[in-house]
Amino acid sequence: MTLKVTLITGRTINQGATIENKTSSDYMEATACCELNSKDVALLGKPGANVRVKTKHGEVVVKLKENNGNPDGLAFIPMGPWANAVVDPDTKGCGMPGFKGIPAEIEVTNDKILLMKELIARYK
Amino acid sequence: MAVITDALCPFCGCVCDDLTIVTENNKITEVKHACKLGAAKIMGHHRIKAPMMRKDKHSEFKEVSYEEAINEAARILSNSKRPLLYGWASAVCEVHKKGILLAEELGAIIDNTATVCHAPSTLAVHEKGLPSATLGQIKNRADVIVFWGSNPVHAHPRHMGRYSVFAKGLFSEKGRKGRKVIVLDVRKTETANMADEFVQLEQGSDYLVVSALRAILSGHADVVPESVGGVSKDALLKLVDTLKTGKFVGIFFGMGLTQSKSRYKNIDNAISLVTELNAFTKCVITPMRGHYNVTGFGNVCAWETGFATAVDFSRGAPYYNPGETAANDVLIRKETDAAMIIAGDAGAHFPADSVRHLARIPIIQIDPYWNATTEVANVVIPVAICGVEVEGTAYRMDGVSLRMRKMIEPTHPPDTEILEKITERVKVLRGE
């Protein structure tokens, strides 16, 4: 099952509380995740499953989480290296990349979530 | 044991100034009154111990002396044809001043974290101005509070208690009971759960919704369709009525506006709405700034160069054109050939394409902490933590300047000292 969504990224309290401690497992837990409402989660599997989020700009594996504040078809990944693996780099002539409103596809995967160090190593 | 009262928080744009810090043997043992974000930063984490360098991006770091790291940083920067100096928002204004001098010396581009935050708001302010107020005015007077594309429960946890929703003031003695709280967002956030009215928009439709509100306000409700951006016309009419009849309306906005489709035009339109509302009542608009001193960088840069951010010194005089000179513009175009990342983490907060380019060019990192930028850095220079170990000036989100206090003695040199030494060394290398 591949779910088509609109992806947004943004701050969360746990992302902020661990932002100066990016090598910690707490930071990874806070930011390497993707929130969908329970209806969308149920279409894919269960909360806690690993999912691959794909956009035309890249792909990343993160943990599936439930957030019933999200409307159907809206995915949220906390800002950070995992979210930024798939956001739109185009600054649209005003310097700001596209961190919100990115068409994305989500599917369950057995692949593991990369550590921050491993994720950045892919760019070298 | 020492107790510091009325200490200032170096985390978000609220810059709360009522913290109590307990220290013992130059260690912070307790932080009182801070939110989870502020407490986590002030209590501290594992630090980078000593300066580090490595031969290439794939090899391991080796500890070096400060002198060696500073010399290498100066060598990289003075050899660069298109250097980028980026970050700044987690440092005090005194650091910004030194950074701008270095940028001018190098003919570099200097940009700050607003480039992925509120820089589009600055573009909108160029167009329309900013009908705003201090947080004190809002606390004392506002009876209608609006959060648009902003989630303070997560990003600015004490904002509602100190300055907006719950704060009791001179003409707002009832606090929460005397206020109407409206949240506009694409998802029902924890902030939305606390609101009297939650208006749920379709993602990317903020510009349309602002335009519809302006049409209704100017007496043209007849041209507004039954639904705009997922919001019913009835809800829009009700919202305009609430805004018009408020005695003092305080609107706060966040990344929901600056990062969505239309970018700065969303804010441009929202400022026009605020201006027009002032024909009926008092209405002000304030960006919810993220880092505690991102506003400070904008101020220092504006008075030193004439522009708030994304300033290019390569022509010998300051030039500014976000879309061309902002950090992600020059990285994605692969124009930058060396970068210094200081008091900000481009490695974590820039899109993959930008980080991919950072991984190909020499990078100097100046920061207290190991972060994603460290993973692509060649030279790493650890520094003292501004606002915890170094005093200095910071600007709150409403542009009020405050003096950050030193809580404990630093174990590392301050950013200002490192920047001065790099600048001196650059001048020597250039034969000046």
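Colleague: Which residue follows H1(B), and is its phi positive or negative?

Modeller: This is a predicted model, in which local features need pLDDT of at least 70 and side-chain atom pairs count only at pLDDT 80 or more, whereas totals for chains, interfaces and linings use all residues. Residues are numbered from 1 along each chain as its sequence is written, while chains are lettered from A and ligands numbered from 1 in the order in which they are written.

Gly44(B) follows H1(B), and its phi is positive, near 85 degrees. Helices (H or I, at least four residues) and strands (E, at least two) are DSSP runs, numbered from the N terminus.

Within H1(B), the buried residues are Leu37(B), Gly38(B), Ala40(B), Lys41(B) and Ile42(B); buried means that 20 or more other C-beta atoms, placed from the backbone, lie within 10 Å of the residue's own. These buried residues pack against strands E2 (19–24) and E3 (27–32) of chain B, and also against helix H1 (13–17) of chain A.

The view then widens to the two chains. In total, 54 residues of chain B are in contact with 42 residues of chain A, contact being defined by C-beta atoms, placed from the backbone, within 7 Å. Helix H1 (36–43) of chain B is among the helices that each supply at least two residues of the side of chain B touching chain A. H16(B) gives the most to that side, with five residues.

Note on methods. Contact = placed C-beta atoms within 7 Å. Buried ≥ 20, exposed ≤ 12 C-beta atoms within 10 Å, placed from the backbone.
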